[in-house]
Amino acid sequence: MRVGISGTHGTGKTTLAEALCARLPGHVAPDEPYYLLEEEGYQFGFPPSPEDYRALLARSLRSLGSPPLLPAVVFDRTPLDYLAYLAATGMDPSDEADAAALRPVLASLDLLVITLITAETERVLPAAEMPGLRSQMNDALLELVYDDPLNAWGDLPVLELSGSLDGRLDTVLAALDRSRHPRLPEPPNVSRRVPGVPR
């Protein structure tokens, strides 16, 4: 399975990606684009600038779309993260990405998982930097995913995690099982988007 995990910083994406790889035979979690760019010599500002987010978006597109497309990958961040950060800094996502480039990359995913800011993430996880940007990105990501202003990911199955942190792994595994066996019931405390149906 090819799974993408998106969410603002400090919501447990990396922990979830590692847990999924430990449970899904043969799956790997490549480094996220920030670390890949750092290894390539890119120097980020603090806070990151719109140009930094554009570089991350381009690197994320390359990571997800590089042939051959590996069939067993859990991506810690997707291009939608960087579009959401751009939106949170005042940019228009429709001006920041090429739908023709996004469409095949996102279509290669079997599931997009969104890790949200919840009361439990704020109580349990370490305090994150740039809390204002973090909150704005969280909201921008949800709006972006469900509105699909570029008409580039409307058929992508989305699993929005709003339940217990301890239950996240099992919730995602159950969603992946349902993608193989669509008649299995939905678990509680999960918002799952049905393509074409408004949120």
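What follows is a working chat about a predicted model.

Biologist: What kind of model is this, and how are residues numbered?
Modeller: The model is predicted: local features need pLDDT of at least 70, side-chain atom pairs count only at pLDDT 80 or more, and totals for chains, interfaces and linings use all residues. Residues are numbered from 1 along each chain as its sequence is written, and side-chain values use heavy atoms, with hydrogens and water left out.

Biologist: How do helix 3 and helix 4 cross?
Modeller: Helix 3 covers residues 50–65 and helix 4 covers residues 79–88; their axes come within 8 Å and cross at roughly 165°. That makes helix 3 roughly antiparallel to helix 4 (over 145 degrees counts as roughly antiparallel). Axes here are lines fitted to C-alpha atoms over the stretch in contact, with angles from 0 to 180 degrees between N-to-C directions. Helices are DSSP runs of H or I, at least four residues, and strands are runs of E, at least two, numbered from the N terminus.

Biologist: Which residues make the contact?
Modeller: On helix 3, Pro50, Tyr53, Arg54, Leu56, Leu57, Ser60, Leu61 and Leu64; on helix 4, Pro79, Tyr82, Leu83, Tyr85 and Leu86. Contact means heavy atoms within 4.5 Å. The residues divide into eleven nonpolar, one polar and one charged (Ala, Val, Leu, Ile, Met, Phe, Trp, Tyr, Cys and Pro are nonpolar, Asp, Glu, Lys and Arg charged, the others, Gly among them, polar).

Biologist: Is helix 4 buried or exposed?
Modeller: Nine of its ten residues are buried, so helix 4 is largely enclosed by the rest of the structure. Buried means under 20% relative accessible area, exposed over 50%, partly exposed in between, with a 1.4 Å probe and protein chains only. Asp81 is among the buried residues of helix 4.

Biologist: What does Asp81 have to do with Lys13?
Modeller: They are in contact. Leaving aside neighbours within four places in sequence, Lys13 also contacts Ile5, Ser6, Gly7, Thr8, Asp76, Arg77 and Thr115. Lys13 sits in helix 1, residues 13–23, and counts as buried because its relative accessibility is 6%.

Biologist: Switching to strand 3, which strands does it pair with?
Modeller: Strand 3 pairs with strand 1 (residues 2–6) in the parallel sense over four bridges, and with strand 4 (residues 158–161), also parallel, over four bridges. Pairing takes at least two DSSP bridges between the strands. Val3 has Leu111 as its bridge partner, and Thr115 stands opposite Leu161.

Terms used: Angles under 35 degrees count as roughly parallel, over 145 as roughly antiparallel, 65 to 115 as roughly perpendicular and the rest as oblique.
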